[in-house]
Amino acid sequence: GIGTPLDLNHTWCHLGLGATSIPQPPFTDMSWYSDYAGRVAADQAEGRLVSMGSFDSNWGHWEMHPDGTELVICTAGAVTLIQDVGGPREPSLLKTTLRNGQYAVNPPGVWHTADVVEAPVTCIFITAGRGTQHKPR
């Protein structure tokens, strides 16, 4: 709320219709995402989740956002964003290394994952999350 600082590491924010910013309950586990989808369903594909995460090992999964882009901003360390731009029949991996202050965009429908270059890595993600899918790496 007004005058109360919130920690983006734990309290993510939804950017919704009507230029709203709505703090979300603290992230707990993967079930958080389905609860979030229910809370913001009225915003459909136009809603965005702003989250921040720190990690020191390569991601163990791929993810894909079918309904919109995702902005990935590196704020500490270095990370290689790996995007499968070729598709399921002929994978073609595009690798982009991000350092502090640099960003990249994950286009809609592109499967992506990340590898740590310099740990710990911290990134801010602004995601059109409706319909997001995950699969093992």
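A residue counts as buried under 20% relative accessible area, as exposed over 50%, and as partly exposed in between. Arginine 130, with a relative accessible area of 44%, is therefore partly exposed. The model described here is predicted.

**Salt bridges**

- The count of salt bridges comes to 3.
- Aspartate 67 and arginine 130 are joined through their side chains in a salt bridge, with 2.7 Å from N to O. Aspartate 67 sits in the loop between S4 and strand S5 (70–84) and arginine 130 in the loop between S8 and strand S9 (133–136), so this pair ties together parts 63 residues apart in sequence. Aspartate 67 has 32% relative accessibility and is partly exposed.
- Another salt bridge is formed by arginine 99 and glutamate 118, whose closest N and O atoms are 2.8 Å apart. Because arginine 99 belongs to strand S6 (residues 93–99) and glutamate 118 to strand S8, the pair ties together parts that are 19 residues apart in sequence. Both partners are partly exposed: arginine 99 has a relative accessible area of 37%, and glutamate 118 is at 41% relative accessibility.
- Aspartate 115 and arginine 137 also meet in a salt bridge through their side chains, at 2.7 Å from N to O. Aspartate 115 is in strand S8 and arginine 137 in the segment after S9; the two are 22 residues apart, and the pair links distant parts of the chain. Aspartate 115 is buried at 18% relative accessibility, whereas arginine 137 is partly exposed at 44%.

**A buried glutamate without a salt bridge**

- Glutamate 63 is located in strand S4 (residues 61–64).
- Glutamate 63 is buried but has no salt bridge. The nearest side chain of opposite charge is that of arginine 137, 12 Å away.
- The side chain of glutamate 63 does make a polar contact, at 3.2 Å, with the side chain of histidine 134.
- With neighbours within four places in sequence left aside, the residues in contact with glutamate 63 are Glu70, Val110, Trp111, His112, Gln133 and His134.

**Backbone exceptions**

- Most residues other than glycine have a negative phi, and most peptide bonds are trans.
- Alanine 19 is not a glycine, yet its phi is positive, at about 55°. Alanine 19 lies in the loop between strand S1 (13–16) and S2. With a relative accessible area of 77%, alanine 19 is exposed.
- Glutamine 44 also has a positive phi, near 50°, without being a glycine. Glutamine 44 is placed in the loop between H1 and strand S3 (48–55), and at 53% relative accessibility it is exposed.
- The peptide bond running from alanine 119 to proline 120 is cis, and its omega is near -10°. Proline 120 is part of strand S8 (residues 111–127).

**Nonpolar surface patch**

- On the surface, Phe27, Met30 and Tyr33 make up a nonpolar patch; together they have about 270 Å² of accessible area.
- Methionine 30 of this patch is in the loop between strand S2 (20–23) and helix H1 (31–39).

- Proline 23 belongs to strand S2 and is partly exposed, with a relative accessible area of 41%.
- Proline 23 and threonine 11 are 12 residues apart along the chain, and their C-alpha atoms are separated by 6.5 Å. Not counting residues up to four places away in sequence, proline 23 touches Leu6, Thr11, Trp12 and Cys13.
- Threonine 127 is in strand S8 and is buried, at 8% relative accessibility.
- Leaving aside neighbours within four places in sequence, threonine 127 is in contact with Gly47, Arg48, Leu49, His65, Thr69 and Glu70. Glu70 is also among the contacts of glutamate 63.

Note on methods: Residues numbered from 1 in each chain as written. Predicted model: local features only at pLDDT ≥ 70, side-chain atom pairs only at ≥ 80, totals over all residues. Heavy atoms only, no water. Patch = residues over 30% accessible without salt bridge, like charges linked within 9 Å, V, L, I, M, F, W, Y side chains within 5 Å. Areas by Shrake-Rupley, 256 points an atom, 1.4 Å probe, with all protein chains shown as cover. Salt bridge = Lys/Arg side-chain N within 4 Å of Asp/Glu carboxyl O. Helix = DSSP H or I, 4+ residues; strand = E, 2+ residues; numbered from the N terminus. Buried < 20%, exposed > 50% of the residue type's maximum accessible area, 1.4 Å probe, protein only. Lys, Arg positive; Asp, Glu negative; His and termini not counted. Polar contact = N/O pair within 3.5 Å; in protein donor to acceptor, adjacent residues only side chain to side chain. Contact = heavy atoms within 4.5 Å.
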